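Dear colleague,

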Amino acid sequence: METAEEITKEAAVIETVSEEKVKYTVETEGLTVSFKGREAINDINIKIRANTVTSIIGPSGCGKSTFLRSLNFMHDLTPGAKVKGTIKIHNKNIDEYDMTEVRRRVGMVFQKPNPFPTMNIYDNVVAGIIMNKGKKRNELNEIVEQSLELAGLWEEVKDRLKVSAMALSGGQQQRLCIARTLAVNPEIILFDEPTSALDPISTSKIEETLFHLKNKYTIVIVTHNMQQAARVSDYTAYFFLGKLIEYARTRTIFTSPREKLTEDYVTGRFG
Amino acid sequence: MNKEITVGIKEIKARKKLSDLFFENLTLVFALMIIVLVVFIIYEMFMDSKLSREIFGFGFIFSQDWNPVKDKFGALTFVYGTLISSIIALAISLPVSIGVAVYLSELAANVFKTAISFLIEILAAIPSIVYGFWGIFVLAPFMRTTVQPFLQSTLGFLPIFQGNAVGFGLLTAGIILAIMVTPIITAITRDVLKAIPTSQREAAYALGATKWEAIKMALLNAKGGILGATVLGLGRAVGETMAVTMVIGNKAQIKASLFEPSYSMASVIANEFAEASGGLHISSLIEVGLILFAVTFIINSFARLLIYSFTRKTEAK
């Protein structure tokens with residue numbers, strides 16, 4: 001029986017043949033995260049390819065979100081959280097970056113849409129840029145248009161950019177949050193169950209957005225919805241009880257997984 | 001058989017209704033008592049100040065003349081003393097309160113948080129006469145020997161820091177008030193900040209915010225609530241009687257210098273009511289009370305409105 005890591009390596013080999021040189025944006029080695037001594041994920045080794053959508057699936061409590069949140073230092077905000085092991089972004093250890101720089105380069109979209117309620121649509125999009133560094137007004141206008149366009153929201157809001165973000169529907173708010181993340185020009189975008197609070201139409205719009213985004217960004221998405229993983233992602237990682245069980249091309253995971261555990265999960269036998 | 005049962009249920013229903021009705025009306029009476037009380041207080045003050053209102057009219061609010069011997073009365077000096085001492089209080093207390101609240105809600109370790117929160121509640125519970133004593137024996141001498149000479153030597157070119165350093169005056173009253181309103185503003189601001197959902201903080205951090213930027217974001221979110229807290233603190237400062245009376249100097253005058261003794265609305269009522277000579281004097285004091293009531297009423301309504309609009313906005317999420 002092969003371990004997940006070996007499969008990863010093998011997949012990498014296949015990739016190398018077709019693309020000559022594989023670029024990994026995120027690599028983790030022995031990543032272990034514990035909360036007040038209780039381990040949520042244990043010894044995760046994964047290499048995530050540039051310009052792909054990688055989805056993380058698994059039953060509730062398997063550590064998907066914990067894994068995702070460790071990639072941009074979000075655990076620093078949780079008292080009692082401890083992160084061990086190494087995370088590399090662009091071949092550089094995450095500890096060598098400034099924390100705010102990591103968070104800027106690794107954007108995150110959350111489960112529940114969380115636009116800034118006191119700000120209008122325009123200010124929401126530029127909030128991150130203004131924090132990071134000052135930009136000229138016309139530059140900002142351009143970034144707002146581009147970001148909203150990429151997030152698939154521009155047509156719907158271009159005439160009312162000064163309206164409060166709270167006036168938008170849930171799906172629109174989520175796309176606004178995507179635009180806000182895009183505006184700071186990250187390289188990697190983490191999506192933590194971005195559609196679980198949304199209706200099917202909003203969900204499909206966001207999935208469409210994800211598809212466009214991978215040309216420019218590396219995307220990691222945690223999802224409860226296996227159909228979604230199958231639809232949007234190139235690679236899929238299956239987590240179970242804090243371990244990475246299997247990591248391979250999405251097609252392989254859903255059609256001929258190597259692990260029995262994976263097969264049971266994707267065929268709906270449990271989870 | 002069936003009929004009997006129906007009758008039984010009906011009886012129960014009727015009985016239950018009666019007890020419900022009784023309870024409903026009983027609580028209604030209690031609630032109405034509050035309204036009656038407020039209306040009655042306003043009515044009483046309005047009627048008892050009739051004499052003063054008829055003689056001085058609206059000029060009462062704008063006249064500086066307060067002379068019981070000559071039966072001349074005007075409230076401007078007291079309105080001035082109350083407002084200026086309260087504004088000084090807010091100017092000092094607001095930055096401190098926001099700083100403490102930010103520390104408590106965003107930065108402090110748990111043990112420290114509990115300890116400081118507890119001490120803040122204690123501060124709020126100290127009787128104002130105790131603050132007054134402390135003001136007379138500690139703060140006023142300290143102001144006279146240290147703070148006021150220092151301000152005069154550094155910022156003495158400003159008219160507000162000129163004049164005699166006596167220790168008792170507007171500035172001292174403002175500082176005492178600042179200490180008294182700080183717990184209120186701190187507690188409310190802390191609660192407003194705590195009410196901001198974690199998702200908002202995470203949103204800011206995920207965009208690469210530093211701690212300071214994330215806190216700025218939280219403060220921006222909470223601005224309505226903080227404004228409400230400020231206005232509630234202002235309401236407290238405006239109405240505070242004992243501590244102010246003990247340190248403000250009790251002299252009905254309007255002077256540019258903050259070192260000069262002054263007088264507040266609440267203080268003049270407390271000092272003069274017992275020995276008021278004529279009907280007009282009493283009536284004028286009651287009118288001062290009416291103005292004080294109106295000012296606090298407006299301030300409090302304004303604060304409620306702000307806090308209400310703030311909480312509604314966050315709930316909409």
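**What was found in the model**

The domain assignment of chain B gives two parts, domain 1 (2-48) and domain 2 (78-315), and the centres of domain 1 of chain B and domain 2 of chain B, taken over C-alpha atoms, are separated by 41 Å. Please keep in mind throughout that this is a predicted model.

**Chain B**

As for its overall extent, the C-alpha trace of chain B spans about 95 × 65 × 30 Å along its principal axes. A compact globule of 317 residues would have a radius of gyration near 20 Å, whereas chain B has 26 Å. Buried residues make up 40% of the 317 residues in chain B, and of the contacts in chain B with a separation of 6 or more, 77% are accounted for by residues 24 or more positions apart.

One helix of chain B can be checked for its length. Helix H5 (residues 110-125) of chain B has 16 residues, which at 1.5 Å a residue should span 22 Å, and its end C-alpha atoms are 23 Å apart, which agrees. H5(B) is also hardly covered, since the count of buried residues among its 16 residues is one.

**Where the chains meet**

How many residues of chain B are in contact with chain A? There are 19 residues of chain B in contact with 21 residues of chain A. On the side of chain B that touches chain A, at least two residues each are supplied by helix H8 (198-206), helix H9 (211-221) and helix H13 (279-315) of chain B, and the largest share, seven residues, comes from H8(B).

**Chain A**

Chain A has eleven helices and ten strands. With 271 residues, a compact globule would have a radius of gyration near 18 Å, and the 19 Å of chain A agrees with this. The C-alpha trace of chain A spans about 60 × 40 × 40 Å along its principal axes, and 46% of its 271 residues count as buried. Among the contacts in chain A between residues at least 6 apart in sequence, 69% join residues at least 24 apart.

One sheet of chain A is an open one of four strands, with antiparallel pairing and the order E2-E1-E4-E5; its edge strands, each pairing on one side only, are strand E2 (38-49) and E5 of chain A. Within this sheet, strand E1 (residues 24-35) of chain A is joined to E4(A) by eight bridges, and the two run antiparallel. A:Phe35 stands opposite A:Ala81 in E4(A).

The loop between strand E4 (81-89) and strand E5 (92-93) of chain A holds A:His90, and A:Asn91 is found in the loop between E4 and E5 of chain A as well. A:His90 has a positive phi of about 50° although it is not a glycine, and A:Asn91, which is not a glycine either, has a positive phi of about 65°. Are these residues buried or exposed? A:His90 counts as partly exposed, with 14 C-beta neighbours inside 10 Å, while A:Asn91 is exposed, with 9 other C-beta atoms within 10 Å.

Strand E7 (residues 188-192) of chain A gives another picture, being mostly covered, with five of its five residues buried. In a regular strand the side chains alternate between the two faces of the sheet. In E7(A), A:Ile188, A:Leu190 and A:Asp192 point one way and A:Ile189 and A:Phe191 the other way, and all are buried. E7(A) pairs in the parallel sense with strand E6 (residues 106-109) of chain A over four bridges, where A:Gly107 stands opposite A:Ile189 in E7(A). E7(A) also pairs in the parallel sense with strand E8 (residues 218-222) of chain A, over five bridges, and there A:Leu190 stands opposite A:Val220 in E8(A).

With kind regards

Key
Residues numbered from 1 in each chain as written. Chains lettered and ligands numbered in written order. Predicted model: local features only at pLDDT ≥ 70, side-chain atom pairs only at ≥ 80, totals over all residues. Domains from an automatic or database assignment. Buried ≥ 20, exposed ≤ 12 C-beta atoms within 10 Å, placed from the backbone. Contact = placed C-beta atoms within 7 Å. Expected span 1.5 Å × (residues − 1). Rg over C-alpha atoms; globule rule 2.2 N^0.38 Å. Pairing = 2+ DSSP bridges.
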